[in-house]
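Subject: Structure for you to look at

Hello,

Here is the structure I said I would pass on. Please open it next to this message and follow along; my notes come after it.

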Amino acid sequence: MGQLRSNIFRAGLEALYFSGAHHLLRPLFAGVGTIFMLHHVRPARGGPFQPNRHLEITPEFLRATLAHVRELDIDIITLSEMHARMRARDFTRRFACFTFDDGYRDNRDFALPVMRDYAAPFTVYVTSDFAAGTGRLWWVALERLIERADVLEVPVNGQPTRIACAGAGAKRDAFATMIGWLGSMPSDVEVNRTVSDLCRRHGIDDSGIARELCMSWQELQTFGNDPLVTIGAHTVSHCNVAKCTSDVAEREIAESRSAIEAKLDRPALHFAYPYGDRGAAAARDFAIVRKLGFQTAVTTRPGMLFAENAEHMTALPRLSLNGNYQDKRLLQVLTSGAATAMWNGFRRVDAA
Ligand SMILES: [Zn+2]
């Protein structure tokens with residue numbers, strides 16, 4: 001999300017909260033359920049430059065969210081139970097699912113204890129290469145790179161370009177510029193190569209980040225045996241599947257599932273599209289995942305679940321627990337569905 005759009009979204013959330021409009025909108029837009037989307041759960045870090053902060057919440061905010069959901073008497077269920085209720089059109093009780101992307105070790109160390117306190121099941125979507133310790137978390141590498149550098153020299157669109165990154169403001173701008181440029185590249189291969197080259201030139205070791213932050217296959221064996229935990233698939237290399245050819249997209253998705261079956265000896269029935277927005281998961285990809293036989297697949301498109309989503313179980317929206325909005329007052333606005341309805345221009349289902 002761009003900073004401007006992010007600020008408008010926050011202003012909208014606060015306007016909804018202070019006007020009480022979310023109470024009026026609740027019957028129309030709360031839907032039948034919600035899939036919460038999380039990434040890291042860990043204590044807040046210090047320092048002014050945290051461009052990936054939207055990807056982490058504190059254990060305390062997770063606890064507040066679970067308390068809020070329990071207070072609303074909403075069932076917290078597994079994705080397979082959600083799938084069964086959607087198929088059966090069983091909407092007698094509202095429900096929520098909790099999902100965590102990428103397979104971070106802090107999900108075990110900080111999220112699991114909180115989830116246990118609320119007897120809340122959850123799904124962690126594992127990227128095979130991260131579990132193997134070989135994948136590249138280029139957005140973390142980019143943060144570390146810009147944190148340390150005073151200037152980056154990059155060939156933007158073939159033109160040698162110097163990007164200033166001295167000082168917190170310049171670092172934020174540099175990160176946004178780099179994200180814009182990397183996002184325009186044809187695939188993750190170029191993105192990873194560009195960030196790795198820069199890391200090498202600036203003495204940053206990006207090869208150890210997956211091992212540092214993500215659970216290994218061995219750790220996932222123990223973690224996955226917890227009765228609250230479901231392991232889902234998230235591609236082999238954390239690629240933008242919409243930018244892959246059909247063959248590569250299918251292989252990335254299918255092999256991430258077979259890796260889980262082989263390494264963890266369990267089926268993987270659920271999938272999450274990396275990045276997951278409109279440019280990273282589209283109709284072709286929803287069809288591939290359906291053809292491969294997954295029960296559900298989630299995007300990062302914001303939205304609540306409605307009965308109509310039962311027709312689009314491989315293109316499900318989620319509700320982000322975003323590190324930039326860790327305000328307990330705003331939880332009731334988020335769970336009312338008013339915020340995502342506003343975001344979606346008051347369309348209920350967006351699965352095209
Ligand atoms: Zn991811």
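Two strands count as paired if DSSP finds at least two bridges between them. Keep in mind that this is a predicted model.

With that rule, take strands S7 (residues 151–156) and S8 (residues 159–164). They run antiparallel and are joined by six bridges. One of the residues to look up is Val151, whose bridge partner in S8 is Ala164. The hairpin made by S7 and S8 has two residues between the strands. In this hairpin, Asn157 has a positive phi near 50 degrees.

Next, the metal site. Which residues coordinate the zinc ion? They are Asp102 through OD, and His234 and His238 through NE2, at 2.1 to 2.2 Å. Along the chain, the donors have the spacing D-x131-H-x3-H. Asp102 and His238 are 136 residues apart, so to speak of the chain, and this pair links distant parts of it. Asp102 is in strand S5 (residues 95–102), while His238 lies in the loop between strand S9 (229–233) and helix H12 (246–264). Are these two residues, Asp102 and His238, buried or exposed? Both are buried.

Finally, the protein as a whole. It contains 15 helices and 12 strands. It has 352 residues, and 55% of them count as buried. Among contacts with a separation of 6 or more, 73% are between residues 24 or more positions apart. The accessible surface is about 14900 Å², and carbon and sulfur atoms hold 53% of it.

Regards

Terms used: Residues are numbered from 1 along each chain as its sequence is written. This is a predicted model: local features need pLDDT of at least 70, side-chain atom pairs count only at pLDDT 80 or more; totals for chains, interfaces and linings use all residues. Side-chain values use heavy atoms; hydrogens and water are left out. Donors are N, O and S atoms within 2.8 Å of the metal (3.2 Å for Na, K and Ca); water is not among the atoms, so sites may look incomplete. Helices (H or I, at least four residues) and strands (E, at least two) are DSSP runs, numbered from the N terminus. Buried means under 20% relative accessible area, exposed over 50%, partly exposed in between (1.4 Å probe, protein chains only). Contact means heavy atoms within 4.5 Å. Accessible areas come from the Shrake-Rupley method with a 1.4 Å probe; for residues, only the protein chains shown count as cover.
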